[in-house]
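Please consider the following structure together with its sequence. The paragraphs below proceed from charged pairs to the sheet and then to the helices.

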Amino acid sequence: MTSYQLAQVNIGRIVGPLDGPELSGFVAQLPEINALADNSPGFVWRMVDEDGADATGFRPDDSDGMLLINCSVWESVEALRAYVYHSDHLRVLSRRREWFHRMPEAHQALWWVPAGHRPSIAEAMERVALVRERGSGPEAFTFRDPYPAPTVTV
């Protein structure tokens, strides 16, 4: 039995302002895709800004006003993988190059958190930095190289 859940973060640099024509297709789909996540098996929580609809109001890097963050918590790697790659989310993901610049380095990370923990922006960015610096490991990993949840003996 585990008392851990999977946190995920991905960051991306948008190609234009959120209220501009370049991002209109992305912004228009956010409510639908966020509702899909919220209702997906294994979904636990997602980061939202003051508006409470999504996290597009956050800027995780003070020096880069075009960098967005998405962070959520899931019951398992399998639950997150099903949402990302086996739901209508894939339709939006396949168009990401229309809305986001290609990131030259790691832009996502997965890690295990105690059940009930909600990651902060700083914590999420630290996990991306770990993947960039060390590659996948127990503290931060990717879909390609997942690590099992810590075990708790009772």
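A salt bridge is taken here as a side-chain nitrogen of Lys or Arg lying within 4 Å of a carboxyl oxygen of Asp or Glu. In this predicted model, 5 salt bridges are present. One of them joins the side chains of Asp64 and Arg13, with a distance of 2.5 Å from N to O. This pair links distant parts of the chain, since Asp64 belongs to the loop between β2 and β3 while Arg13 belongs to strand β1, 51 residues apart. Asp64 is buried, at a relative accessible area of 13%, whereas Arg13 is partly exposed at 28%.

A salt bridge also forms between Arg91 and Glu32, whose closest N and O atoms are 2.7 Å apart. Because Arg91 lies in helix α3 and Glu32 in helix α1, the pair ties together parts separated by 59 residues in sequence. Arg91 is partly exposed, with 35% relative accessibility, and Glu32 is likewise partly exposed, with 43%. Asp38 and Arg46 form a further salt bridge, their closest N and O atoms being 2.7 Å apart. Here Asp38 is partly exposed, with a relative accessible area of 31%, while Arg46 counts as buried at 16%.

The strands come next. An open sheet is built from 4 strands in the order β2-β3-β1-β4, with antiparallel pairing. Its edge strands are β2 (43-46) and β4, each of which pairs on one side only. From one strand to the next, the twist averages 25°. Strands β1 and β4 run antiparallel and are joined by 7 bridges; Ala7 stands opposite Trp111 in β4.

Helices pack on this sheet. Helix α1 lies across β2 and β3 and runs at about 140° to β2. Helix α5 (residues 121-134) also packs on the sheet, where it touches β1, β3 and β4; the direction of α5 makes about 125° with that of β4.

Which residues of helix α2 (residues 77-85) are buried? They are Val77, Ala79, Leu80, Tyr83 and Val84. Viewed down the axis of α2, these buried residues fall within an arc of 165°, so they line one face of the helix. Against what do the buried residues of α2 pack? Their partners are the strands β1 (4-13), β3 (67-74) and β4 (108-114), together with the helices α1 (24-38) and α3 (89-93). Helices α1 and α3 are also the elements that hold Glu32 and Arg91, respectively.

Note on methods: Residues numbered from 1 in each chain as written. Predicted model: local features only at pLDDT ≥ 70, side-chain atom pairs only at ≥ 80, totals over all residues. Heavy atoms only, no water. Buried < 20%, exposed > 50% of the residue type's maximum accessible area, 1.4 Å probe, protein only. Helix = DSSP H or I, 4+ residues; strand = E, 2+ residues; numbered from the N terminus. Arc of directions from axis to C-beta. Contact = heavy atoms within 4.5 Å. Pairing = 2+ DSSP bridges. Axes fitted to C-alpha atoms, helices over the stretch in contact; angles between N-to-C directions.
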